[in-house]
Amino acid sequence: MSRVALASVVVLSALACRPYDLRSTVQDQAGLIPAAQYARYGSEQAKVMAIGRALGQWDGGQGVEARATQVTKAADYARSLPGVASVVADTLGYRLTVTFASGWRTAVLPIADGVTPEDTPGAK
């Protein structure tokens, strides 16, 4: 009887494990301030929205290489903006940590709203 119970526990625990799509969870903008409105709060906020749009724009898939390319391109774009002091990329988490010259540090998540980073008002 103990072998049957052990086998059933193993089978149930295997069935309880589900694939986790982190990208869809991170990109979900439901319940947040719209990106266009947040970009109007200030120049650093506009730069954060432009970086987030850059991160969402270069989506190449769920492979490790595609994620690395996506995050690297967005980090390079972030470094090109004036006032950005440092950028730390998190390839597995689909996010960047950006520190501005003012000292403000924030996490930037992908924004896939169809607007290109260059079209974000106040970002340059």
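This is a predicted model: local features need pLDDT of at least 70, side-chain atom pairs count only at pLDDT 80 or more; totals for chains, interfaces and linings use all residues.
Of the 124 residues in the protein, 32% are buried. Among the contacts in the protein with a separation of 6 or more, 56% are accounted for by residues 24 or more positions apart.

Helix α1, which covers residues 2-16, has 15 residues and reaches 21 Å from its first C-alpha to its last, close to the 21 Å expected at 1.5 Å a residue. Helix α4, which covers residues 43-57, likewise has 15 residues and a reach of 21 Å between its first and last C-alpha, again close to the 21 Å expected at 1.5 Å a residue. As regards burial, the number of buried residues among the 15 of α1 is 0, so that helix lies largely in the open. Helix α4, by contrast, is mostly covered, with 12 of its 15 residues buried. The buried residues of α4 are Q45, A46, K47, V48, M49, A50, I51, G52, R53, A54, L55 and G56.

Helix α4 also packs with helix α5, which covers residues 64-80. Two packed helices are described by the angle between their axes and the distance between the axes. The axes of α4 and α5 come within 8 Å and cross at roughly 155°. Because angles over 145 degrees count as roughly antiparallel, α4 is roughly antiparallel to α5. The crossing of these two helices is right-handed, and the contact is made by A50, I51, A54 and L55 on the side of α4 and by Q70, V71, A74, Y77 and A78 on the side of α5. An α-helix has 3.6 residues a turn, so residues three or four places apart point the same way.

Apart from residues up to four places away in sequence, T106 touches V48, L96, T97, V98 and F100, and V48 is one of the buried residues of α4.

The segment after β3, a strand that covers residues 105-108, holds T120. With a relative accessibility of 4%, T120 counts as buried. Residues up to four places away in sequence being left out, T120 touches A39, A46, M49, A50 and R53. Of these, A46, M49, A50 and R53 are listed among the buried residues of α4, and A50 also takes part in the contact of α4 with α5.

D113 is likewise placed in the segment after β3, but this residue is partly exposed, with a relative accessible area of 35%. When neighbours within four places in sequence are left aside, D113 is in contact with A35 and R53; R53 is touched by T120 as well. D113 and A36 are 77 residues apart in sequence, and their C-alpha atoms are 9.7 Å apart in space.

Technical notes. Residues are numbered from 1 along each chain as its sequence is written. Side-chain values use heavy atoms; hydrogens and water are left out. Helices (H or I, at least four residues) and strands (E, at least two) are DSSP runs, numbered from the N terminus. The expected span of a helix is 1.5 Å times one less than its number of residues. Buried means under 20% relative accessible area, exposed over 50%, partly exposed in between (1.4 Å probe, protein chains only). Axes are lines fitted to C-alpha atoms, for helices over the stretch in contact, and angles run from 0 to 180 degrees between N-to-C directions. Angles under 35 degrees count as roughly parallel, over 145 as roughly antiparallel, 65 to 115 as roughly perpendicular and the rest as oblique. A crossing is left-handed if the near helix is turned anticlockwise from the far one by less than a right angle, and right-handed if clockwise. Contact means heavy atoms within 4.5 Å.
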